[in-house]
Amino acid sequence: MKSGEHGLRDHLRLLAPMFGLIAAVWALRWIMALASTPPGLVRMMSVSVAGAVAVLVAVVMIHFKRFGGYTSVVVSAFLLVLWEEILIVAAILCTMVTGIENLYTVPEFGFGESYLHHIAGHVTYGLGVEGIFAAGMGCVLLWVLRRLVPIKDLTRSGRHVILHDSGSVKRSGE
């Protein structure tokens, strides 16, 4: 599958650190809840905030590495939101299988719904609405970056630009 000039593998390679960030926040939040950390501190470790930060970092990387355009931003935003929702659904499934409540299934986050309704909410609303907002936020940031730091200014600086699809490094102007 290609979106723009890059395939899915290229996107996954670019986003690997952001996937790690989201997974680390997800695990840390779960561990903090198990360790009876004060609820206010646990709430500060938000998977949704980590996902939003990951999208912003991905857009900055897409711009400065000249990885692609708006299509790459939308694909990256969707992949990051998908990863976020997969992790949360995995935690809910863990409770369904083991019968042991965890942070992601307590009533204040599940809105009193059954586990299957909670999963359905993440798969539909979580992916749909959060994916659209993440893609929109990313596209606006890319537009701002392109106005404030145009690509032509990056090529004049003489810095190295990494082309992900070929794996080679070229000096601008070659």
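Let me start with a term: the bend at a residue is the angle between two axes, one fitted to the seven residues ending there and the other to the seven starting there.

Okay, what are we looking at? This is a predicted model, where local features need pLDDT of at least 70, side-chain atom pairs count only at pLDDT 80 or more, and totals for chains, interfaces and linings use all residues. Residues are numbered from 1 along each chain as its sequence is written, and side-chain values use heavy atoms, with hydrogens and water left out.

First, the overall layout. The chain has seven helices and four strands. Helices (H or I, at least four residues) and strands (E, at least two) are DSSP runs, numbered from the N terminus. Reading from the N terminus, the order is β-β-α-α-α-α-α-α-α-β-β. Of the 174 residues, 39% count as buried; buried means under 20% relative accessible area, exposed means over 50%, and partly exposed is in between, using a 1.4 Å probe and protein chains only. Now take contacts, meaning heavy atoms within 4.5 Å. Among contacts between residues at least 6 apart in sequence, 70% join residues at least 24 apart.

Now, helix H1, residues 8-34. Where does H1 bend? At Leu 15, by about 55°, and a proline, Pro 17, follows within four residues. H1 also has a set of buried residues, including His 11, Leu 14, Leu 15, Met 18, Ile 22, Val 25, Trp 26, Arg 29 and Trp 30. As you look along that list, remember that an α-helix has 3.6 residues a turn, so residues three or four places apart point the same way.

On to packing. Two packed helices are described by the angle between their axes and the distance between the axes. The axes here are lines fitted to C-alpha atoms, for helices over the stretch in contact, and angles run from 0 to 180 degrees between N-to-C directions.

H1 packs with helix H3, residues 47-64, at an angle of about 165°, with the axes 9 Å apart. So H1 and H3 are roughly antiparallel to each other. The cut-offs go like this: under 35 degrees is roughly parallel, over 145 roughly antiparallel, 65 to 115 roughly perpendicular, and the rest oblique. The crossing of H1 and H3 is right-handed. For handedness, ask how the near helix is turned from the far one by less than a right angle: anticlockwise is left-handed, clockwise is right-handed.

Who meets whom? On the H1 side you'll find, among others, Leu 14, Met 18 and Trp 26, and on the H3 side, Val 47, Val 53 and Ile 62 are among them. By class, this contact has 15 nonpolar, one polar and one charged residues. Ala, Val, Leu, Ile, Met, Phe, Trp, Tyr, Cys and Pro count as nonpolar, Asp, Glu, Lys and Arg as charged, and the others, Gly among them, as polar.

Take Val 53, which sits in H3. Val 53 is partly exposed, with a relative accessible area of 38%. The C-alpha atoms of Val 53 and Met 18 are separated by 8.6 Å, though the two are 35 residues apart along the chain.

H3 has another partner. Helix H4, residues 70-98, packs with H3 at about 155°, with the axes 10 Å apart. That makes H3 and H4 roughly antiparallel too, therefore, and their crossing is right-handed. The residues in this contact divide into ten nonpolar, four polar and one charged.

And H1 meets H4: the angle is about 35°, with the axes 10 Å apart. This crossing is right-handed as well. Among the residues making the contact are Phe 19, Trp 26 and Trp 30 of H1, with Leu 80, Trp 83 and Ala 91 of H4. The classes come to 17 nonpolar, three polar and one charged.

Let's zoom in on Trp 30. Buried or exposed? Trp 30 counts as buried, at 18% relative accessibility. Leaving out residues up to four places away in sequence, Trp 30 touches Ala 91, Cys 94, Asn 102 and Tyr 104. The C-alpha atoms of Trp 30 and Ala 91 are separated by 9.0 Å, and these residues are 61 apart along the chain.

Last stop, the loops. Ser 36 lies between H1 and helix H2 (39-44), and its phi is near 60°, a positive value in a residue other than glycine. Ser 36 counts as exposed, at 65% relative accessibility. Arg 66, in the loop between H3 and H4, has a positive phi near 55°. Arg 66 counts as partly exposed, at 34% relative accessibility.
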